[in-house]
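Hi,

Here is the structure I promised to pass on. Have a look at it first, then read my notes below.

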Amino acid sequence: MINPTEVNFLIRLLDDPDAEVYEHVHKKLLSFGNEAIEYLESAFEQAFDPIQQERIANLVHEIQFGIVKNDLKLWYQGGAFDLLQGILIINRYQYPDLDEQRVVNQIEAIKRDIWIQMMNEASPVEQVKLMNHVFYSIHGFSGNTTNHRDPQNSYISQVLESKKGNQISLAIIYSIIAQKLDIPVYGVNLPQHFILAYLDESRETEFEGGILFYINAFNKGFIFGRRDVDMFLKQLNLQFDKQFYEPCANADIIKRVLRNLISAYEHLGSSDKVDELNELLAILGK
């Protein structure tokens, strides 16, 4: 537990003109981590001095960014098994105060709407068609074609609110819901496109790696085959590579989200965000 009197005393010293005093105070407050945030936010509201306000805001961001880095490191080192957890950590970068249970509840609500209509004997194509109906027609999700470079397209909380996202964010939500319903749909790291594969592991020898078909989450869950992937790669003049056809690791999906965000913020000229997101990318091994 931290001492409130000590914290508040240190916060008052944040606008000290002596650089050495400021450095010492900054370091000490930083060491308190998350516990110091409520005191800093309270002091920010009462501060009139713009220098003190700026220093408080920067310190809060520094603490929160440190938490995001640590959470991402633990997620990655722990095997990166939970994709929803990974994408929520990235969401925390921009929305540290978000009620994450709300995101979980929104995903559960869509899952429940699909589950209610799901028939036991449904074929893989029937399962996906039902998912498409609920996800796109009832819940109204669609690809953000008008403002594709907007960084908000990469934050799951915003995509669930606006019902608009980019290829990868829609594919992430779609695959998380599918897997919660025991429908084996996984992300495939195709160049310039992020797609999903329906994987039937019991038929791994019969089909190419057990993949029955592919799904384009950006295009209302359009179902297509391996030949379409061949044609797409041919158009890009790319040689055959196994990874373009098969499910990728969750860490690779989060890397791609980070690269999308880096590109979006470069476009907006937000160099500080680009630097920080590159730090997050480095945690996952570029």
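Accessible areas here come from the Shrake-Rupley method with a 1.4 Å probe. By that method, the chain in this predicted model exposes about 15,300 Å², and carbon and sulfur atoms supply 49% of that area.

Now for the chain as a whole. It has 12 helices and 6 strands, and its C-alpha trace spans about 70 × 45 × 35 Å along the principal axes. How much of the chain is buried? Of its 286 residues, 45% are. I also checked which parts of the sequence touch each other: taking contacts between residues at least 6 apart in sequence, 61% join residues at least 24 apart.

In general, two packed helices are described by the angle between their axes and the distance between the axes. The crossing of α2 past α4 is right-handed.

Which residues meet there? From α2 come Tyr22, His26, Leu29 and Leu30, and from α4 come Arg55, Leu59, Glu62 and Ile63. Sorted by class, this contact has 5 nonpolar, 1 polar and 2 charged residues.

Cheers

Conventions:
Residues numbered from 1 in each chain as written. Predicted model: local features only at pLDDT ≥ 70, side-chain atom pairs only at ≥ 80, totals over all residues. Heavy atoms only, no water. Left-handed = near helix turned anticlockwise from the far one by under 90°. Helix = DSSP H or I, 4+ residues; strand = E, 2+ residues; numbered from the N terminus. Contact = heavy atoms within 4.5 Å. Nonpolar A, V, L, I, M, F, W, Y, C, P; charged D, E, K, R; others polar. Buried < 20%, exposed > 50% of the residue type's maximum accessible area, 1.4 Å probe, protein only.
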